[in-house]
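Please look over the sequence and the three-dimensional structure shown below. The paragraphs that follow lead through selected parts of them, step by step.

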Amino acid sequence: MDKNNKVFGIFNFKSNKNESLCENNEPQEGLENTSVAEVDPDDPPVLPDVQKLPSESIDIGDINTGPIRPKLQTYPKTVFGKQNRGFSSTLFDGFPWLEYSIQKDAVFCYPCRVFGTGRSEGTFVTKGFRNWKKISGSISKTSKFNSKSKLEIHATTKQHLINSEKWASYTQNIKSGSVHTQMASAYREKVLKNRAYIKNLIDVVLYLGRQGLAFRAHNEEKTSINQGNFKEACVLLSKCNEDFSTIFNEKTNYTSWSIQNDLINISAQMIKNTIVNELIESGFFSVMCDEARCFRQEQMSICVRYTKNLNVYERFLGFIDVSENQNADALATAMVSFFEINKINVPIVAQAYDGANVMSGKFNGVQQKIKSKYPYAVYTHCMAHRINLIVLDMCKLVKDTRIVFNCLETLYVYFSHPGNDAKFTEIQVKLGIKKTSLTRLSDTRWNCRVRNCVAVKLNFKAIVTLLNDEINSSTNKDVVQAIGIMTIITKPSFIVNLIILEEVLQIINILSTQLQKKDATLGSAVTLIEGVIKTFESLRTEVEFHNIWEKIINFTKINNIIPDFTGPNSKTSKRQRQSTSNLEDFHVFATTSSEQQNQNEFNQYTESYWRTHYYQIIDTLIIHFNKRFSSNSLELATSIDYFHKMNYYESQCFIEQYKDLLNVDVNTLQSEMLVVKNCVSRRNPNFTLEDIKLIMDAELYPNLYKLLSLSLTIPISSATCERSFSAMRKIKNWLRTSMNQDRFTNLSLIYIERDLSNELSNEKILDTFAISNRKLQL
């Protein structure tokens, strides 16, 4: 017998033949040394099959079932002398090893039968014990000692004790496993705890990244009162999770900055891989980029636009540090290198930047250099930037409007003082005005102008009240500034221009908001731009000006202002000559030297002057809208608009531009467009793009599907880049300027693409993290 059999010999049990009950109840030869290998719960041996045992031993327990102990209401009776005796189930309580065979009407010793190797006590092993007279013992009449029962005698035998110990050891072995199994189980348990610990760290990283919060602190030692958001969150988790606390309090707890960088990088790379895979699956994409200053660095934001199942997505891919050089060659080279590093090898079909010469230059700009590598990359000047330029052009030409915006900025500065802001809020409460704050004017937040005009109009009474109180009290140096602001905002020109600008900026804001949407299309933009231009043309009428003039008059009455609406060129005497009092009782038919101006004529004169001023603002906007959105610049956009209306002939500009790139058969395309148009028109004669998407099938209309997907890919603005700059200033603020470029870009990706970071699985992040050689067993 080899070494293993000697070590684990206590678990040897008899084979099926030795366990079977023979008719003659005689032990079989050559079975005493029969042994079975070690019982491993992870790899159990083939155990005796009850179905293969002889019919008379089917109700006998085996190593899997344990002892069979049926409890019957009555058991068979056997005549012993003058009494009928039988088995009693109460014996099961005192002897846990006892089992009963209904077929044999006999009891057996389960451990001796299954785990025994000798021939002792063969009655309880082979043929069974059924002498019910002696099974319970007897009371001696001649001796002071009672005779023991056969069960008690058998329970004290050496062989039974050994077999019982084997049975107990085997049962325990099944529960806890062998030494090897216990070691393997302990290892698995430790790995599970380690993985759960790292998962918690991943959750903390994702939480801080999604919220745009800082990870580290100036001093992260355990003695520090503030160890930073990351470690403080871990401390909080350790209070609620004992397993987490155990590993966290060890010397190596995997909370260093390098581990943070690894987890951040893995999470960001998964988000980027998702975007790149969707982009490659689409087959083409558009690029949008812009630059902004971030402390001492110049950061370029790279964003892409693509479609998935005809749904438009605009995604942020990363920031590139272009501090060394910002010319067209450097920027274009940085963009191309970025795409190559991320293995984006599909064609660019469009590009959108602002109007800076370095980006939009027709011969040496970035757009031309990108087009030299990607010939189908049509350049689109960001339409949101164009609208902003229209407003700036209006301010340059109409001086009074520029004064209004300068005054709005001065009001913001004045009320940004804590004391003035507190008084302003108090006055708003007293007057029952909804609390609204003034905001700083910004060149990138394009709706801030209309918001400030609305805020000043609603809070005009509160502003005037606060300025008057400041002027009357004269308690500090701000009184001079208050007098200046009060002088400007009570002038007729300020009030008139404020009301007019609010009206026109509300219209422009509708267009600006639509153009900043991620799912806005070039075709829908054309329709909205044309609608805005027609709206301004319709405002240039006597009726529309009269309506605005009535608003101006009502505004002055509500705010108790009596402004002088006379134009700047009107000339009146300092003192009007009055008629003599001697003529009061007479009817005078001749002229005198008295000067009494007719009030109606005066109102007509002032209204006429401001009407001209109103027309000047409207004409300036119309001219610059037509200039910035000329028919030539909107030729492709107009063609796409007709394409979405399934007009084949009017959309030739768009089709000819991209038919070679997509290998489109124009004849088949025309048929597909006609069929789709007829199908959609039956449902809705005034169908929209959304109606077309409902019936679009890539297999049924392959040419139309590809062109429609491409038409949705062309961007109309670079607003997504502007939004990324807002995130940039939140993530890399003045307290986090030492952050390196990779960590900054990865955190920005997790924060900006929140919908994708919310779907990240900490299990997948952990699997990627565990690929590297780690001291912690994962």
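Predicted model: local features only at pLDDT ≥ 70, side-chain atom pairs only at ≥ 80, totals over all residues.

The chain as a whole provides the setting. The protein chain contains 32 helices and nine strands. Of its 778 residues, 45% count as buried. Among the contacts in the chain with a separation of 6 or more, 70% are accounted for by residues 24 or more positions apart.

Helix H18 covers residues 460-473. An α-helix has 3.6 residues a turn, so residues three or four places apart point the same way. Just after H18, Ser474 takes a positive phi of about 50°.

One partner of H18 can now be considered in detail. H18 and H19 pack at an angle of about 140°, and their axes are 9 Å apart. The two helices are therefore oblique to each other; an angle has to be over 145 degrees to count as roughly antiparallel. The crossing in which H18 passes H19 is left-handed. On the H18 side, the contact is made by Phe460, Ile463, Val464, Leu467, Asn468, Glu470 and Ile471, which meet Asp478, Val479, Ala482, Ile483, Ile485, Met486 and Ile489 in H19. Sorted by class, this contact has 11 nonpolar, one polar and two charged residues.

Helix H20 (residues 492-515) and helix H22 (residues 542-558) pack at an angle of about 125°, with axes 10 Å apart. That angle makes H20 oblique to H22. Their crossing is right-handed. From H20, the residues Ile495, Val496, Ile499, Ile500 and Glu503 meet Ile548, Lys551, Ile552, Phe555 and Thr556 in H22. The residues of this contact divide into seven nonpolar, one polar and two charged.

Is H28 mostly covered or mostly uncovered? It is mostly covered, since nine of its 12 residues are buried. Among them are Asn703, Leu704, Leu707 and Leu708.

Two loop residues complete the account. Leu310 has a phi near 65°, a positive value in a residue other than glycine. It is placed in the loop between strand E6 (297-308) and strand E7 (311-321). Asn663 likewise has a positive phi, near 55°, and is not glycine. This residue is found in the loop between helix H25 (652-662) and helix H26 (666-683). Which of the two words, buried or exposed, applies to Leu310? Leu310 is buried, because its relative accessible area is 4% and buried means under 20%. Asn663, by contrast, counts as exposed at 64% relative accessibility, since exposed means over 50%.

Key:
Residues numbered from 1 in each chain as written. Heavy atoms only, no water. Axes fitted to C-alpha atoms, helices over the stretch in contact; angles between N-to-C directions. Helix = DSSP H or I, 4+ residues; strand = E, 2+ residues; numbered from the N terminus. Parallel < 35°, antiparallel > 145°, perpendicular 65-115°, else oblique. Left-handed = near helix turned anticlockwise from the far one by under 90°. Contact = heavy atoms within 4.5 Å. Nonpolar A, V, L, I, M, F, W, Y, C, P; charged D, E, K, R; others polar. Buried < 20%, exposed > 50% of the residue type's maximum accessible area, 1.4 Å probe, protein only. Expected span 1.5 Å × (residues − 1).
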